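Subject: Structure handover

Hello,

Here is the structure I promised to pass on. Please open it and keep it beside this email as you read.

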Amino acid sequence: MQIRLMGTPTELTHAAAVLAQVLTVHRVSDIYPNRGATEQGRLYLDAALPPEPKEVR
C-alpha cells in the first residue's frame, strides 16, 4: 500500500509511529512542505498488512 498523510510535522511523525504499530512499514519518506503559506506538509508510507495470525483450535 502507498499511503499519503497530510498534517503538521508533529502530527505526521506521530501518525507514522502509530501506523507502524498496526502495519508493516517498508519506507517512510521525508516530510515535504505543502504549497503556499502553511505549516502543513506531506509524508508518504509504503506499507503492507501484517500476516494474518494462524487460527488456534
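Below are my notes, from the whole chain down to single residues.

**Ground rules**

This is a predicted model, where local features need pLDDT of at least 70, side-chain atom pairs count only at pLDDT 80 or more, and totals for chains, interfaces and linings use all residues. Residues are numbered from 1 along each chain as its sequence is written, and side-chain values use heavy atoms, with hydrogens and water left out.

**The whole chain**

The protein chain has one helix and four strands. Both are DSSP runs, numbered from the N terminus: helices are H or I with at least four residues, strands are E with at least two. Along the sequence the pattern reads β-α-β-β-β. The radius of gyration is 14 Å, well over the 10 Å that the globule rule gives for 57 residues, so the chain is more spread out than a compact globule. That radius is taken over C-alpha atoms, and the rule is 2.2 Å times the number of residues to the power 0.38. The C-alpha trace spans about 55 × 15 × 10 Å along its principal axes.

Of the 57 residues, 21% count as buried. Buried means under 20% relative accessible area, exposed means over 50%, and partly exposed lies in between (1.4 Å probe, protein chains only).

Now contacts, meaning heavy atoms within 4.5 Å. Take those between residues at least 6 apart in sequence: 51% of them join residues at least 24 apart.

**The strands**

Which strands pair with β4? Two strands pair if DSSP finds at least two bridges between them. β1 and β4 pair in the antiparallel sense over six bridges. β2 (residues 24-28) and β4 are also antiparallel, over four bridges. β3 and β4 pair in the antiparallel sense over two bridges.

Look at Asp46 in β4. Asp46 is the bridge partner of Gln2. Asp46 is also the bridge partner of Arg27.

**The core**

The largest nonpolar core has five residues: Leu5, Leu12, Ala16, Leu43 and Leu45. Such a core is a set of buried Ala, Val, Leu, Ile, Met, Phe, Trp, Tyr and Cys residues joined through side-chain atoms within 4.5 Å. α1 (9-22) and β4 each supply at least two residues of this core. Leaving aside neighbours within four places in sequence, Leu45 is in contact with residues including Met1, Leu5, Ala16 and Val28.

*Gly41.* Gly41 is in strand β4. Is Gly41 buried or exposed? Gly41 counts as buried because its relative accessibility is 2%. Pro33 stands opposite Gly41. Gly41 and Leu5 are 36 residues apart in sequence and 8.3 Å apart in space, C-alpha to C-alpha. Beyond four places in sequence, the contacts of Gly41 include Leu5, Leu12, Tyr32 and Asn34.

*Asn34.* Asn34 is in the loop between β3 (32-33) and β4 (41-48). Asn34 counts as buried, at 16% relative accessibility. The Asn34 side chain makes a polar contact with the side chain of Arg42 (3.0 Å). A polar contact is a pair of N or O atoms within 3.5 Å; within protein, one must be able to donate a hydrogen and the other to accept it, and residues adjacent in sequence count only if both atoms are side-chain atoms.

*Met1.* Met1 is in the segment before β1 (2-7). Met1 and Ala48 are 47 residues apart in sequence and 5.7 Å apart in space, C-alpha to C-alpha.

Best wishes
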